[in-house]
Amino acid sequence: MKKPSAGPDTRNMTRFSRALAVSVAAGVVTTFLLLSVFAALMTVRDLPHSAVVPLSIFGVAAGTILAGYCCARILRERGLLWGLGCGAVIFLLAFFCELMLLGQPVGVLALYKFIIYAASGMIGGVLGVNKKRKVR
């Protein structure tokens, strides 16, 4: 039994942060690969310019769903919370990269992007927690 004055359990903190970091890395790599494939597809085929936004949303949502799924599968608890965490971290990474590269002021579009990232991360977290394990 843990004493009340012992402080926070650092083993759980490192477990949570490691799972979040691995999951976010998997999601970012997946997003990068999907967006690269879509960019190559757009250079080879003559896709309309209106296809850029749906393809980018699909790529980001797929990467964030994977991140939430991986985090929930690793931790096996609180899929909504960890999915939201993955979505928020990926959103912050993308947001700060966008600010550094473009330097545009923050607008309503950032809120829409956060909602997409958070919702897709939470969907992945719910799917990851509810996935049945194999019985050996």
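This is a predicted model: local features need pLDDT of at least 70, side-chain atom pairs count only at pLDDT 80 or more; totals for chains, interfaces and linings use all residues.

Residues are numbered from 1 along each chain as its sequence is written, and side-chain values use heavy atoms, with hydrogens and water left out.

Helix H2 (residues 52-75) packs on helix H4 (residues 108-130) at an angle of about 40°, their axes 6 Å apart. Helices here are DSSP runs (H or I, at least four residues) numbered from the N terminus; axes are lines fitted to C-alpha atoms over the stretch in contact, and angles run from 0 to 180 degrees between N-to-C directions. The contact (heavy atoms within 4.5 Å) includes Gly68 of H2 and Gly124 of H4.

Helix H3 (residues 79-102) also packs on H4: the two axes cross at roughly 145° and come within 7 Å. Among the residues that meet are Phe91 and Phe95 in H3 and Phe114 and Met122 in H4. Tyr117, Gly121, Gly125 and Val129 of H4 are among those that meet H2, and they also meet H3.

The largest nonpolar core has 15 residues, of which Leu20, Cys71, Leu75, Trp82 and Cys86 touch the most other members. Such a core is a set of buried (under 20% relative accessible area, 1.4 Å probe, protein chains only) Ala, Val, Leu, Ile, Met, Phe, Trp, Tyr and Cys residues joined through side-chain atoms within 4.5 Å. Helix H1 (10-44), H2, H3 and H4 each supply at least two residues of this core, and H3 gives the largest share, 5 residues. Leaving aside neighbours within four places in sequence, Leu20 contacts Cys71, Trp82, Gly85, Cys86 and Val89.

Key. Buried means under 20% relative accessible area, exposed over 50%, partly exposed in between (1.4 Å probe, protein chains only).
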